[in-house]
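Notebook open, model loaded. I wanted to look at one helix and then at the aromatic rings.

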Amino acid sequence: MEIVAAEQILAVVALAAPIGRVGTSIEDQATADARIPHLLATPAAARFVSAEPLLGALDLRITQARGSSRVLNALTGMSFSETSLSALPRGPGLDLVIVGGESGPRARPMHSDWVRSLRDHCVSAGVSFHFKQWGEWMFQSPEGRATGFYRVGKKAAGRLLDGRTWDERPGARACRGARQARSSNEPPASASSRIPDATGRGQPSTGATDG
């Protein structure tokens, strides 16, 4: 699968025939808001995002390009106008969300709540979810006795999320009929839930953080 930058996405929107799989990288809410609308406007057989490294809280159910009144649920393709509060024609949604932590000597930590939130939203919407790795950091001690960020190394951190791996591919959930539940995944009118930032303090789930 090829990851395409937002600028490259714009170049292929005008293609008459859909391409295969197309995706873009995102790191937080700000990059999701800027790139996902272009991605979903691209004619393609399947669309995915790669949030690796994931550097901040991210809610794909509420994406909004700068200067636009359209609020888009990227998981379902449903949207509404922020000015008129009316529903807009439904478009394509994401087929796959890839998530992973950062590795390397300058790696920044990834909060486990960011990952669980994305997984839960994908499961509810019937979107395939693939978790690649925690990266260099774990949000608990190696013995599991305390919470907080511990630099244990990529190998030790592993890629288990709540005791299992997540290796889904586009279409896996659709085959089980889970996409029929997408309409039930609409966010509330006011997003009041809070997801901790990299310091452990609460941040709005719809706001960008820089980790």
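I began with burial in α2: Q29, T31, A32, D33, I36, P37, L39 and L40 are buried there. I kept in mind that this is a predicted model.

Next I checked the length of α2. The helix covers residues 29-40, twelve in number. From first C-alpha to last I get 16 Å, close to the 16 Å expected at 1.5 Å a residue.

Then I asked myself which residue caps the N-terminal end of α2. It turns out to be D28, with a side-chain oxygen 3.3 Å from the backbone nitrogen of A30.

On to the rings. I count three aromatic pairs. One of them joins F129 and W166 edge-to-face, with 5.9 Å between centres and 80° between the planes. I looked up where the two partners sit: F129 is in strand β7 (residues 128-133), while W166 is in the loop between α4 (154-157) and α5 (172-175). They are 37 residues apart in sequence, so this pair ties together separate parts of the chain.

I noted another edge-to-face pair, F131 with W134, at 4.9 Å centre to centre and 70° between the planes. F131 is buried, with a relative accessible area of 0%. W134 has 9% relative accessibility and therefore counts as buried.

Last entry, back at W166: R164 lies over the face of that ring, 3.6 Å from the ring centre.

Note on methods: Residues are numbered from 1 along each chain as its sequence is written. Side-chain values use heavy atoms; hydrogens and water are left out. Helices (H or I, at least four residues) and strands (E, at least two) are DSSP runs, numbered from the N terminus. The expected span of a helix is 1.5 Å times one less than its number of residues. Buried means under 20% relative accessible area, exposed over 50%, partly exposed in between (1.4 Å probe, protein chains only). A polar contact is a pair of N or O atoms within 3.5 Å; within protein, one must be able to donate a hydrogen and the other to accept it, and residues adjacent in sequence count only if both atoms are side-chain atoms. Rings of Phe, Tyr and Trp (its six-membered ring) pair if their centres lie within 6.5 Å; planes under 30 degrees apart count as stacked, over 60 as edge-to-face and the rest as tilted. A charge sits over a ring if NZ of Lys or CZ of Arg is within 6 Å of the ring centre and within 35 degrees of the ring normal.
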